[in-house]
Number of protein chains: 4
Amino acid sequence: MIIVIHCNDRIGLVAAISNILAQQQLNIVSMREHVDIQESRFYVRLQVEQGADEDTLQQSLQSVLPADANIIINPLPHKKIVVLVTKEYHCLTDILIRNYFGTLGASVLCVIGNHDLLGDICKRFGIPFYYITHDERTKAEFEDKVTAAISLHDADYIVLAKFMRILSPEFVARFPVKLINIHHSFLPAFVGANPYKQAFERGVKLIGATAHFVTNDLDEGPIIAQQIIPVNHTLTAIDMMKAGKEIETSVLAKALRLVFEDRVFVYKNKTIVFE
Amino acid sequence: MIIVIHCNDRIGLVAAISNILAQQQLNIVSMREHVDIQESRFYVRLQVEQGADEDTLQQSLQSVLPADANIIINPLPHKKIVVLVTKEYHCLTDILIRNYFGTLGASVLCVIGNHDLLGDICKRFGIPFYYITHDERTKAEFEDKVTAAISLHDADYIVLAKFMRILSPEFVARFPVKLINIHHSFLPAFVGANPYKQAFERGVKLIGATAHFVTNDLDEGPIIAQQIIPVNHTLTAIDMMKAGKEIETSVLAKALRLVFEDRVFVYKNKTIVFE
Amino acid sequence: MIIVIHCNDRIGLVAAISNILAQQQLNIVSMREHVDIQESRFYVRLQVEQGADEDTLQQSLQSVLPADANIIINPLPHKKIVVLVTKEYHCLTDILIRNYFGTLGASVLCVIGNHDLLGDICKRFGIPFYYITHDERTKAEFEDKVTAAISLHDADYIVLAKFMRILSPEFVARFPVKLINIHHSFLPAFVGANPYKQAFERGVKLIGATAHFVTNDLDEGPIIAQQIIPVNHTLTAIDMMKAGKEIETSVLAKALRLVFEDRVFVYKNKTIVFE
Amino acid sequence: MIIVIHCNDRIGLVAAISNILAQQQLNIVSMREHVDIQESRFYVRLQVEQGADEDTLQQSLQSVLPADANIIINPLPHKKIVVLVTKEYHCLTDILIRNYFGTLGASVLCVIGNHDLLGDICKRFGIPFYYITHDERTKAEFEDKVTAAISLHDADYIVLAKFMRILSPEFVARFPVKLINIHHSFLPAFVGANPYKQAFERGVKLIGATAHFVTNDLDEGPIIAQQIIPVNHTLTAIDMMKAGKEIETSVLAKALRLVFEDRVFVYKNKTIVFE
């Protein structure tokens, strides 16, 4: 059983929590705790050996913790997700394969695409695919359609697996800390169109990818995972794009595993990740 | 203040420890806990915001923990080390530089070499250098001389910074969990002389380094840190040796930081490292 | 167009080759050359901008090169492969997905499994799957069946994508420099059963994977690619196995790309890889 | 002997060069060639087994190459450098140590600091240290003093080893493709003061470093080498700064090795690096 808690910090929180667990004869197998001193914020993730009645445990914990405490008890963590895509397959297929073999840590409820190129691969895995074009629709109309499709399902997270439409603040606000995105990252950062062409012309030696929650606070929300892949002058801009896809697939897979295992806390514009 | 504890596991250990800390008004800033279920062994490292009387805290903790509990309280972790070398400078100078600028997390008490090539560099940093040759001495005589030199100092750890003599079980037994070694590692492993030549002839694509405690249990004791560096066919055997030195320097530096910050537990032939 | 040549070294080889290309108005876009001085062996890979008549070019090159010269001219490198599997899906599905989207650099002709667990996923991609059990068959009988199935196809390479049967020298001898294998690698190496359990008990900090050609010369043939993934004490032996699968998938994908792009030369027990 | 050439591309360049070498009985041990098709620019680095008369070879090569050809022949590559520093030691000491042990591939002629904190360490290695404060001096006055000190020495490169003053375009123009800088890099990029604090508050998972030539074209010139180090929420802003120093040291060491071995070409705002 996984227990994750975050709340304002005060002395005695670990004692309070661990006393409750000891009283209920629950053995802590693994515990990660962190206090963000700047924010005076307390985070803990506990894995306990035994199961327990969740409501009782929730009430017991709540009774000894600050009123703002966010307590989640997951007897068997397994999430449900909706995936949004455009044309690129690499992140989607990694998710579909793990879903098919039961190693994703989540179930894919459906895939929504603003192009229909990826419908066939979803069909091969028996996953519903909704093709919702943005053509001849306003952004609001398009996003309402997408929202309606998402609403048919009870998803814990919406994974933007190379979904290439910019989402409106209104849309983002509907799914707080539920939208997970992946995108390429460069050192230095390149603004404007075709960053891979810019990276090529600049001779960069690294291409990165960042998986993050989508918020309206910043151009990019709380970071879940980042990795890089080395490149060099022998790669064309197209080769760099291919290399970018490899690292995007890998980083999104890692980020989803961390999120699905309840290892990621979000507070303000930052994550605490108990890897 | 850093508190590290390991003992046999039982329900309620975290509660017991954190109650003591709460009673003494100590706030836990960072906590890493791990239970090795296979061994039923409990490990915890706590960083607390405030200082405290160490003896009182030690007694309080001991009173609520199993009798076998190993409790270390470090108000200001700073270790003392002796360094053993042969001819290669790369690991030694990394240590000497950090020592000189106060960023090692430890003080270098002296350096002992079975060759005298590295005496000058030690002298430049004002570090005592003992030249103890193994020529015309039996291993026992040589090791007795080295032991005598070490004994002049009150060292927490003895760092084998490319010390190329094989140590006898008797010598190793004098310094349990105090001897830290660094050596190159290959995939696949090469036995016999000149592993870099073998690695070259075999076309390996990675060269690694392993920092570990020295024990007599196995050819290699509990592993503290490992890293690799990519290589390819354009490197000669000598280039591979140079690459190996870079990664050895880096891995030993990391291992020493982890040990000096009290992040490394040793139990049987294994480490628990709270990075 | 890709041209790869290897032969015994002598002065003037690059001049001889590049004169031929210049005479035929072929511009060299990228050239990687290497001389293994120890073996006095010359290797070159050229990418030229234009196409050319292959037979004429082959004859022209042969006329100026040593008699032992191995010359391969690939107007449009695209290989054909057969994949052998047992029960694990991770390497196979990475290949199937890339094959389906036309990004593998090769075509999968068929998949052969000694268990039938992976037949369904092949069927979903329309790839023929041959289930050839080793039960109630001698190794020779089993391998003859596999050989017969392979022989139905004109494969450039046979990829052992977690094929867990040890192949006989007779089988290996049928496919020189055509069998590509992937397996986990550890530092230190663990012999015997269940290496992940050994790695866990030993507290290793890295898990690696090695892709290599299969030969009878050694327990492991010429290495194509190697990578590692960091691990720590929080991973169980099963978690380590999962991490191992991630890195195996990644290393095999890289190795196949290098082989399919004619970047890998094999000579004796070593590869030259022009990445 | 190392030969590096770059010039506008045309058919037959490799033939022309290799014919000259063959005529002079020079055997090519290693050759890296690259054509930047976008720029129609040809780059080659050759390592030949034997020595030769440099003037004759230079003239022979020039006679068959385009008039714009940049030809450098290094019988024994060994550079001379001046190092500029401010307060931080980590990059400087790495250079000083390698210089002392003869493994830098260059000689350190002197060190110039705008603070005097690093004078003592230079003295310990017998390297002249010039303390040139920027206090009570205009930028022009300060830079003239620095230029005068540099001019006393015949340096191939000026290494900015954490030199923290922004250099004027006039200063930079005095040393084209001679100024090598190292700085931290982040994903995403942070502008303004105290980027480590920003990185901490943003919860970044990677800290990078970039070594580059200094130009006036852009905020950052042609990139020589880049690497990253993973970080997480347990690091304070100060810990991140420490991690940044480790990776800066490592990246600058790599960049200097590449430059000193004549492996780096600069054209416009980009490097070609034959690693």
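Predicted model: local features only at pLDDT ≥ 70, side-chain atom pairs only at ≥ 80, totals over all residues.
**Before you start**

Local features need pLDDT of at least 70 and side-chain atom pairs count only at pLDDT 80 or more, while totals for chains, interfaces and linings use all residues. Residues are numbered from 1 along each chain as its sequence is written, chains are lettered from A and ligands numbered from 1 in the order in which they are written, and side-chain values use heavy atoms, with hydrogens and water left out.

**Stop 1: chains A and C**

Select chain A and chain C. A rotation of 180 degrees, with 0.0 Å of shift along its axis, places chain C on chain A at an RMSD of 0.0 Å. That is the relation of a two-fold axis. The same surface serves both copies: 100% of the contact residues of chain C recur in chain A. The superposition is by least squares on the C-alpha atoms of residues with pLDDT of at least 70 in both copies.

To find the axis, pick C:Arg124. Of the residues of chain C, C:Arg124 comes closest to the rotation axis, with its C-alpha at 2.9 Å.

**Stop 2: the C/A interface**

Now show the contacts (heavy atoms within 4.5 Å). 14 residues of chain C are in contact with 14 residues of chain A. The two chains bury about 1,500 Å² between them, with 57% of it on carbon and sulfur atoms. Buried area is the accessible area (1.4 Å probe) that two parts lose on being put together, summed over both.

Which three residues of chain C supply 39% of the area that chain C buries against chain A? Select C:Tyr89, C:Phe101 and C:Arg124; they supply more than any other three residues.

Next, look for charge pairs. There are two salt bridges between chain C and chain A; the rule asks for a side-chain nitrogen of Lys or Arg within 4 Å of a carboxyl oxygen of Asp or Glu. Zoom in on C:Arg98 and A:Glu246, whose side chains meet in a salt bridge at 2.6 Å, N to O.

Colour by secondary structure (DSSP runs: helices H or I of at least four residues, strands E of at least two, numbered from the N terminus). Helices α3 (90-100) and α4 (119-124) of chain C each supply at least two residues of the side that touches chain A. The largest share, four residues, comes from α3(C).

**Stop 3: A:Thr93**

Pick A:Thr93, in helix α3 (residues 90-100) of chain A. Leaving out residues up to four places away in sequence, A:Thr93 touches A:Ile121, C:Ile97 and C:Phe101.

**Stop 4: the A/D interface**

Select A:Leu187, A:Arg202 and A:His233: they supply 27% of the area that chain A buries against chain D, more than any other three residues.

How many salt bridges does the rule find across the interface of chain A and chain D? It finds zero.
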